[in-house]
Amino acid sequence: MKRPIPEGFDDPPALVASEAATLDISVTTVLYGGGVRPGITDEYHPFREPSIRGHLRFWWRATVGAQFNTADQLREHEGKIWGNTESASKIRLRVLSSSRGVEGTLQPAYALFPAQPTGDGRPAGRVYKAGRVQIEFDYDPKVQKDLNSAMWAWLNFGGVGARTRRGLGALYSQIWAPKPADVANWLLKCSKAFCSGGGTRTWPTLRGARLVLGREATHQECWTTCIDMIRTFRQDRNGPRGRSHWPEPDQIRRERSQHLPTHAPVHPDPWFPRAAFGLPIVFHFM
């Protein structure tokens, strides 16, 4: 007995006119995680299409998405371009070839602390350097600007795998990267072309952001310098194990009414600024 064909499925839908493009991308720092298992980089398919689409949708919201005033407007237009439960995406992609690269070292350690071995027997994680991927895009010409905006932001400010906000999985594409001597002019032109106007939104946007430029250096040197800045700022204290210059430890002591005789609360500010900065920290007290 044959299963009946649902109504409306007798004829396949007409194909939408599309254009195709292929892009070669390399990983400039190290790749960590990104597979179906947390903290594991898959050997045979290290760059997953659903993950890449997720990154592109995020950066589309951060660029083109800034033109919408409400989350409902954003959601409606995002669905028309990237697809939802009611309509197919106008942008399709597939990984043609990829390599996670060769195993690298767990440095800088502050960015890679989830991969570090622990005293309770947890083994060290694995990271990979010199990864690469070739992606083919097939898209409706009407949404090319939307795809270009997402690609520009993802390749220059995003990444793949885990902990991209700490610089892991940073990407490079010769097509989208600026020349070192023309970064400021490149950024100005790209911002006008790819970033929509508008004020503060309830979702992350690039409009109004600032880019801090330093001296010309290798990707590894830039990454290490930035991570050291974050570590110094976040762990500002008197010596490696001295008292923190931040107010949170003393405020916890006040609220718990507990402290060692040598560690009475002395910081005058009764609040938790690092949480306001989006810097969650685990506190350990004797």
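Author: Two strands are said to pair if DSSP finds at least two bridges between them. The model discussed here is predicted.

Reader: What makes E2 and strand E5 a pair?

Author: Pairing requires at least two bridges, and two bridges join E2 to strand E5 (residues 128–129).

Reader: Why are E2 and E4 called edge strands?

Author: The open sheet of three strands has the order E2-E5-E4, with antiparallel pairing. Strand E2 (30–31) and strand E4 (102–103) each pair on one side only.

Reader: How do you know that strand E1 and strand E6 pair, and in which sense?

Author: The requirement is at least two bridges; strand E1 (residues 19–27) and strand E6 (residues 132–139) are joined over eight bridges, in the antiparallel sense. Aspartate 24 stands opposite glutamine 134 in E6. Both strands belong to an open sheet of four strands in the order E3-E6-E1-E7, with antiparallel pairing. E3 and strand E7 (171–172) have a single partner strand each, so one side of each has no neighbour in the sheet.

Reader: What span is expected for helix H2, and what does the model give?

Author: The expected span is 1.5 Å times one less than the number of residues. Helix H2 (residues 71–82) has twelve residues, and its expected span is 16 Å. From its first C-alpha to its last, H2 reaches 16 Å, close to that expectation. Just after H2, glycine 83 takes a positive phi of about 95°.

Reader: Which residues of H2 are called buried, and by what criterion?

Author: Buried means under 20% relative accessible area. Leu74, Glu78, Gly79, Ile81 and Trp82 are the buried residues of H2.

Reader: Why are these buried residues said to line one face of the helix?

Author: Viewed down the axis of H2, the buried residues fall within an arc of 165°, so they line one face. An α-helix has 3.6 residues a turn, so residues three or four places apart point the same way.

Reader: What does this face of H2 pack against?

Author: The buried residues of H2 pack against helix H1 (49–62), strand E3 (91–99) and helix H3 (144–157); contact here means heavy atoms within 4.5 Å. H1 itself lies across E3 and E6, and runs at about 125° to E3.

Methods:
Residues are numbered from 1 along each chain as its sequence is written. This is a predicted model: local features need pLDDT of at least 70, side-chain atom pairs count only at pLDDT 80 or more; totals for chains, interfaces and linings use all residues. Side-chain values use heavy atoms; hydrogens and water are left out. Buried means under 20% relative accessible area, exposed over 50%, partly exposed in between (1.4 Å probe, protein chains only). The arc is that of the directions from the helix axis to the C-beta atoms. Axes are lines fitted to C-alpha atoms, for helices over the stretch in contact, and angles run from 0 to 180 degrees between N-to-C directions.
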